[in-house]
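Me: I have a model open on my screen and would like to learn how to read it. Could you walk me through a few features?

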Amino acid sequence: MIIKAYLPLPKQTDSEFWTIDKIEHIRHLATTGKPYKILDKRRNSLRILDRIEFKNVEGKIVEKPLASTYLSFSGIEMTTPLYLGDMSYGALSGNPNIAIATAADLTGTLAGTGEGGLHPEVAKHKRIFVQWASARFGVDIDVLNAGLGVVIKIGQGAKPGIGGHLPGSKVTKAISMTRRIPEGIDAISPAPHHDIYSIEDLGQRIEALKEATGKPVFVKVAATNYIPYITSGVARMGADGIIIDGHGAGTGATPEVIRDNLGIPIELAVASADSVLKKEGLRDKFTIIAAGRISDATDAAKLIALGADIVSVGTAALIAMGCVMVHKCHIGSCPTALTSKIDGTRIFDIEFGVKTLVNFVNGFSLELANILDNLGLSSIQELKGRRDLLYGFGLSRDVLSILGIEGEAEELNPKLGELWNKRRKFHLHELINKGEPTITSMGSTAPPDVEKPARISDWLRSDGAQVTRPPIDPYREDIDTSFLLNKGKVYLSLPVIFNVIGAPKEIAESLSWASYALGSMVFVESTVPKYSEISFSNDGKGKINWSYEIEEGYYLALKSEDEIDDTLVNKGIPGFIIDEDVLNEDLELVVSDVDTKLKEAGVRNKFDIIAKSSKLRDSADVFKLVALGADAVIMPYQILEIAIGEGSKGNLKERAFNLISGMKKEIALMAGAAGVYSVQSSLTGNRELLRAVNLNSYIARRIRVKQAGSL
């Protein structure tokens with residue numbers, strides 16, 4: 001079957017960044033090549049970029065705007081500041097790669113090849129940037145010399161701190177030949193480049209690639225905690241520019257727990273990177289390409305005003321060529337043949353792709369020129385860094401400061417959405433059936449940008465290590481997720497305990513059996529004799545015990561935070577249980593308060609902090625609570641019930657085993673991506689690994705987590 005026309009758009013029943021409205025806008029550009037709409041107001045969105053608007057501008061559109069979108073950098077001329085973002089051969093099915101490279105030539109823009117090696121037909125086109133990634137798939141000197149520039153890929157927004165991921169089912173003979181890897185085997189790039197472990201190493205690689213090719217060299221990174229320092233380092237090491245890929249960027253395959261919980265939004269990353277480069281006198285002749293969730297020319301104009309030179313579009317380019325956003329890239333069954341397995345059953349028509357993509361670029365460029373006209377500017381260069389033209393609505397005062405714009409400060413209620421939505425339920429359902437981290441594709445729909453946040457943790461993002469410190473490859477190295485409690489007397493293989501009080505008998509039995517098998521524990525009132533070794537009980541017969549009263553050797557289940565004082569050190573209390581349901585205050589706040597209070601008293605190492613709530617959902621909640629100070633987290637048994645849903649209640653022990661095993665692997669993934677080898681020693685109370693995304697400033701200060709983009 002040859003795909004050479006748009007398929008009807010499926011009904012969207014879940015939260016989605018790429019809404020029907022956005023897709024129809026892109027399709028209009030792709031079918032007409034003419035401007036359609038600009039400067040839409042989207043203040044109801046929680047995405048920061050949507051809450052930024054240009055001041056006092058009308059939004060008038062003409063077919064022949066006056067302003068110029070032309071620019072040049074590093075000896076390369078472009079008709080418009082648009083980079084058709086790095087999508088690899090393998091993630092895409094070949095013909096789309098050819099269409100993208102052809103469209104770049106025809107429109108005078110640029111296309112990135114991604115890390116899948118170089119398709120022979122793509123190599124015939126010159127307006128390409130060739131990628132040099134950690135696995136070096138199919139890379140040799142001829143490949144490096146094929147285009148106008150070279151991109152050293154360190155990270156990407158959909159999977160900060162880990163390498164690329166192409167499932168084995170998509171590694172067909174054609175991909176095997178180009179990538180020079182075996183057929184049918186997962187192609188997982190190393191998390192770090194094994195010859196780049198420092199900023200100095202990066203400098204050597206930049207110089208070597210320039211020497212070998214005589215071409216400009218860019219460095220691609222994910223937008224993460226240290227992006228200001230990373231950008232400064234990349235500039236000091238002699239790169240011509242940087243591609244910063246923000247949280248929510250699309251991908252062909254990634255672990256969902258990484259995609260949804262790591263990295264920061266592109267708008268905060270660009271603003272902070274531009275600021276630090278100017279402060280250090282490094283901004284001239286250094287190019288910033290902004291990537292991740294750029295849906296239209298209005299997004300592009302705002303990012304350029306915040307400091308970007310060029311914007312990169314990946315998902316929007318795919319939508320222009322027919323993507324209908326079914327999130328099936330990773331399994332190779334794309335209905336539009338854009339990301340399908342290369343087996344001849346479904347083929348994307350190159351001519352259709354070139355026509356629609358050329359029209360999209362032309363329409364996008366005309367919309368951008370119209371925005372410039374409305375702003376009274378004559379060229380795209382006049383817009384760069386013009387933060388004075390922007391105004392923020394509904395952003396915290398800290399975020400307005402990071403962006404460097406005026407605005408109406410608003411500190412939002414952190415709990416706006418539902419705890420359990422379809423995405424979370426499906427994720428757990430996959431986990432209990434496979435016991436492996438769920439692999440998914442395309443951009444994140446997680447809170448706060450798309451779904452509404454339901455907990456404080458939903459506003460927090462973890463770090464992805466890159467350049468300034470290396471990640472630890474979770475696929476090739478063992479990450480230590482174990483925790484020792486009660487002064488080393490109790491071993492947990494992961495910082496998770498399941499509360500089975502009140503659980504149906506078969507659920508309690510399954511979670512107890514799986515916890516016993518995997519080195520976890522269960523929280524109970526009365527110890528079941530055969531599980532006494534893993535019982536955290538109220539009857540004094542468990543491995544460790546708890547009480548609502550002060551008893552030597554018993555963990556104190558707090559009824560009030562005020563119960564904690566220094567004298568407890570001498571009363572033999574091994575630690576505290578902080579129960580959100582009892583204290584009736586957000587668990588993140590109390591855990592952080594108790595951790596801080598004990599540190600200030602100089603007795604933190606004498607007590608364990610155990611966090612507990614019926615409203616906890618997944619391994620990401622656990623990871624973030626540990627970073628805020630918890631030593632272990634007691635999860636509700638209802639998680640297993642929710643994961644099963646309306647399906648069969650069979651194989652409960654196997655499913656409970658998969659749940660705990662899968663959570664352990666997800667925690668290891670997040671830890672390795674953040675550069676953490678030992679979770680207990682390096683993550684517990686390490687708030688520096690977290691950043692807040694427009695979280696209420698007062699709450700962010702109380703939990704002592706910096707806002708994303710801050711220095």
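Aromatic rings

Reply: The structure holds 16 aromatic pairs. This is a predicted model, where local features need pLDDT of at least 70, side-chain atom pairs count only at pLDDT 80 or more, and totals for chains, interfaces and linings use all residues. Residues are numbered from 1 along each chain as its sequence is written, and side-chain values use heavy atoms, with hydrogens and water left out.

Me: How are the rings of Y226 and Y229 arranged?
Reply: A pair of aromatic rings is described by the distance of the centres and the angle of the planes. Rings of Phe, Tyr and Trp (its six-membered ring) pair if their centres lie within 6.5 Å; planes under 30 degrees apart count as stacked, over 60 as edge-to-face and the rest as tilted. Y226 and Y229 have ring centres 6.2 Å apart and planes at 40 degrees, so this pair is tilted.

Me: And how are the rings of F536 and Y555 arranged?
Reply: Their centres are 5.2 Å apart and their planes at 70 degrees, so F536 and Y555 are edge-to-face. F536 lies in strand β25 (residues 535-537) and Y555 in strand β27 (residues 554-557), so the pair ties together parts that are 19 residues apart in sequence. Helices (H or I, at least four residues) and strands (E, at least two) are DSSP runs, numbered from the N terminus.

Me: Is F536 buried or exposed?
Reply: Buried means under 20% relative accessible area, exposed over 50%, and partly exposed in between (1.4 Å probe, protein chains only). F536 has 0% relative accessibility, so F536 counts as buried. Y555 is buried as well, with a relative accessible area of 0%. Both rings belong to one aromatic cluster formed by F523, F536, W546, Y548 and Y555.

Me: Which strands close into a barrel, and in what order?
Reply: Strands of a sheet pair through backbone hydrogen bonds, either parallel or antiparallel. Here eight strands close into a barrel in the order β5-β6-β7-β8-β11-β12-β14-β15, with parallel pairing. Two strands pair if DSSP finds at least two bridges between them. Strands β6 (residues 110-112) and β7 (residues 128-132) pair over two bridges, and A111 stands opposite I128 in β7.
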